[in-house]
Amino acid sequence: MTPAHGSCTGPSFLAVTNPGFELGEEGWTWDAGTGITTRNPHTGRCNAYLDAGRGRQVRQVVTATGAGSYDVSAWIAAGGPRGVFLVRVNGAPAGDTAVANRPFFTRHTVSRVTLGRGDRMEIVFASGDAWIDVDDVMLSPAAPADPRVTSSDPAPAEMFEWAKRKANSWVQLPGTVGPLNVDERNPSGTGTAAYAPSYWAGYAHRSGYYARDTAHQVAGAQILGLTEENKTMLGSFAVSATAAHVYYPVWSYNFDARTYLSIDYRGADSFVREVPAPFELVEKTEQAHRWSGDAFYLGDTMWDFCRHATTEFIEEHDRRKPNGVAEGTGQGIFQGSASYNENSGEQLIEAGDGIASQYRACLAAAALASARREESQAARYAARAAELRRYFHHGWVAHQGAAMTRAYALSGAPLSGWGRENSWFMPMKRLLLPGPRNDAYLDFIDDMAGGAGKPVNIEAITYLPDTFFANDRDRQAWTWMRYVYDHRDDRHPVTAQGLNGDYPEVAFTLVSQTVEGLMGFRPDAPRARVATRSHLPRDVDWVRVDRVPVGDGFFDLRHDGTHRSELTNGTSKTYAWQARFPGVHHAVATDGRPYESRRQTLHGNVHTCVNVRVPPGGTAVVETVRG
């Protein structure tokens with residue numbers, strides 16, 4: 001299968017020889033007391049070891065045939081302290097990190113190593129007080145964007161810096177030749193291929209990216225400037241959603257962006273598929289277009305996918321309970337799950353995360369159709385979204401709080417109680433109308449997720465900040481961001497995954513939740529518009545984010561509480577900025593720019609919306625005084 005945007009991946013000009021030690025000692029220099037073992041590989045059959053005792057090294061010199069900046073990562077386990085992973089360039093130190101004293105594999109990274117053509121980069125693993133095992137060395141190109149966060153409270157800045165660097169370390173270096181179809185059942189894979197522009201989105205012990213994870217990581221990737229990676233990955237899923245697959249995209253790809261990941265794909269009638277995924281990919285296509293302004297997302301390949309996902313896909317999967325809502329089969333993930341909550345044991349035909357994602361996909365398709373200047377089509381999609389929301393409230397859902405409907409069983413019986421994804425997606429996607437039912441359900445979600453219903457896997461919890469930010473529950477959103485970050489060093493329940501923080505979704509979503517969540521930054525590059533709304537908790541006085549990439553440039557944004565915002569336009573266009581403030585205020589543009597102010601109800605809450613035009617290189621400041 002050819003990547004959707006037609007690109008071909010050539011060889012990388014920087015490569016580590018034998019990065020997984022599957023070729024024995026080839027490419028590496030070995031001191032006494034070091035070597036190859038098969039007793040504890042992270043993936044594959046082999047890993048490097050260093051015996052206890054200071055002064056032992058395993059090292060490799062890589063010569064750069066081009067210039068760039070790179071992250072160097074490896075999976076390392078250690079029986080004690082004082083081991084070191086370090087990088088030198090032309091003999092000079094370029095970065096290092098202490099090896100964690102953990103007897104299981106966790107990921108270590110030396111970030112932002114700058115190389116010029118002909119530079120010699122030496123990767124070194126040095127022994128400590130106890131044994132060390134090393135596996136799966138990886139080179140990542142430094143992300144094109146390097147946004148920065150500063151704050152009155154060190155927590156947001158510290159969190160963002162960790163998340164940004166961690167997310168960057170998951171980016172594949174295009175042209176790197178790596179294994180295919182690696183998974184826990186087949187740790188050595190089934191061959192090799194050159195990797196396409198992509199990033200890890202899914203388990204780190206599998207050699208690919210997943211539809212669900214990709215959808216949740218797109219915004220964070222875009223904030224790091226990973227436009228080409230997003231195009232490759234979203235495009236690959238788009239071209240897989242064929243009539244033979246009944247318009248489902250495949251569930252996962254290898255990093256070559258051509259080969260379906262074999263653990264999830266047995267054939268055209270037996271592959272992992274979950275109803276929310278195609279709808280989320282439509283939504284994220286529109287989101288990536290707003291951030292980048294890239295015409296790729298309006299081209300026929302992506303538009304055909306979006307059109308099929310919101311028409312034929314629904315029609316083909318609406319047979320057992322015909323109501324305009326896409327169904328699962330209730331027969332497991334290889335036959336089509338109605339929900340992302342695939343381990344509940346429930347046989348579901350319709351689920352809250354499916355119908356909520358379908359609603360957002362219709363809105364996204366309307367926006368994309370409008371961007372393609374197909375206004376009649378846009379109106380039809382908008383009307384379809386409105387009708388689906390009306391049906392949801394007047395025919396699909398009943399009751400509120402713990403008793404609220406969140407799915408339907410194969411028998412046709414409505415189900416309530418805690419459904420994880422099929423619970424929190426309904427308010428997260430704003431399918432629920434603002435009001436008492438939505439408020440009660442958000443309280444129920446917070447209670448369950450913080451108590452008896454807390455998911456054991458951290459990647460599920462990464463949706464909770466999005467859920468609460470979407471509903472202006474700023475304190476709860478920030479609390480869940482802190483929870484995810486504070487538990488990054490806990491061990492993940494899947495042993496090969498390492499730590500919670502080694503799950504890629506954790507870092508990518510903390511990046512997007514800082515910019516889109518805390519800062520309420522919503523760009524629209526194609527129409528040269530940007531909207532902001534501070535979601536800072538009361539104990540954080542101010543936060544500033546610099547060099548957020550949008551379109552052909554960047555923006556800087558500062559919020560002081562929820563009463564003052566400052567925006568700098570680093571693009572080539574004049575942007576219309578709508579600064580949104582919760583409540584009723586008198587607005588003042590302190591830089592003397594012309595502005596207009598009006599009250600607007602957004603998601604059930606009254607906001608003061610101030611509209612200001614900001615030219616290239618310009619800075620605008622808006623302050624409010626409660627009216």
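User: What makes the link between the side chains of E566 and R564 a polar contact?

Analyst: The distance given is 3.4 Å. A polar contact is a pair of N or O atoms within 3.5 Å; within protein, one must be able to donate a hydrogen and the other to accept it, and residues adjacent in sequence count only if both atoms are side-chain atoms. So the E566 and R564 side chains qualify. Keep in mind that this is a predicted model, where local features need pLDDT of at least 70, side-chain atom pairs count only at pLDDT 80 or more, and totals for chains, interfaces and linings use all residues. Side-chain values use heavy atoms, with hydrogens and water left out, and residues are numbered from 1 along each chain as its sequence is written.

User: How do you know whether E566 is buried or exposed?

Analyst: Its relative accessible area is 17%. Buried means under 20%, exposed over 50%, and partly exposed in between (1.4 Å probe, protein chains only). Therefore E566 is buried. E566 sits in strand β25, residues 564-569. Strands (E, at least two residues) and helices (H or I, at least four) are DSSP runs, numbered from the N terminus.

User: Which residues touch E566, leaving aside neighbours within four places in sequence?

Analyst: Contact means heavy atoms within 4.5 Å. Among the residues in contact with E566 are R544, D556, W577 and T619.

User: Why is R206 called buried?

Analyst: R206 has 11% relative accessibility, so it falls under the buried limit. R206 is in the loop between β13 (192-194) and β14 (208-210). Its side chain makes a polar contact of 2.5 Å with the side chain of E184. Beyond four places in sequence, R206 also contacts residues including V182, W200 and F255.

User: How far apart are R206 and N254, in sequence and in space?

Analyst: They are 48 residues apart in sequence. In space, the C-alpha to C-alpha distance is 8.6 Å.

User: Why is α1 called oblique to α14?

Analyst: Helix α1 (residues 154-168) and helix α14 (residues 504-518) pack at about 135 degrees, with axes 7 Å apart. Axes are lines fitted to C-alpha atoms, for helices over the stretch in contact, and angles run from 0 to 180 degrees between N-to-C directions. Angles under 35 degrees are roughly parallel, over 145 roughly antiparallel, 65 to 115 roughly perpendicular, and the rest oblique. The angle of α1 with α14 belongs to the rest, so the pair is oblique.

User: Which residues meet between α1 and α14, and of what classes are they?

Analyst: The α1 side includes F160 and W162, and the α14 side includes F508 and L510. By class, the contact has 13 nonpolar, one polar and two charged residues. Ala, Val, Leu, Ile, Met, Phe, Trp, Tyr, Cys and Pro count as nonpolar, Asp, Glu, Lys and Arg as charged, and the others, Gly among them, as polar.

User: What makes α9 oblique to α10?

Analyst: α9 and helix α10 (residues 436-449) pack at about 135 degrees, with axes 10 Å apart. That angle makes α9 oblique to α10. S423, W424, M426 and P427 of α9 meet N438, Y441, L442 and I445 of α10. They divide into six nonpolar, two polar and no charged.

User: What is the phi of D136?

Analyst: D136 has a positive phi of about 50 degrees, although it is not a glycine. Most residues other than glycine have a negative phi. D136 lies in strand β10, residues 132-141.
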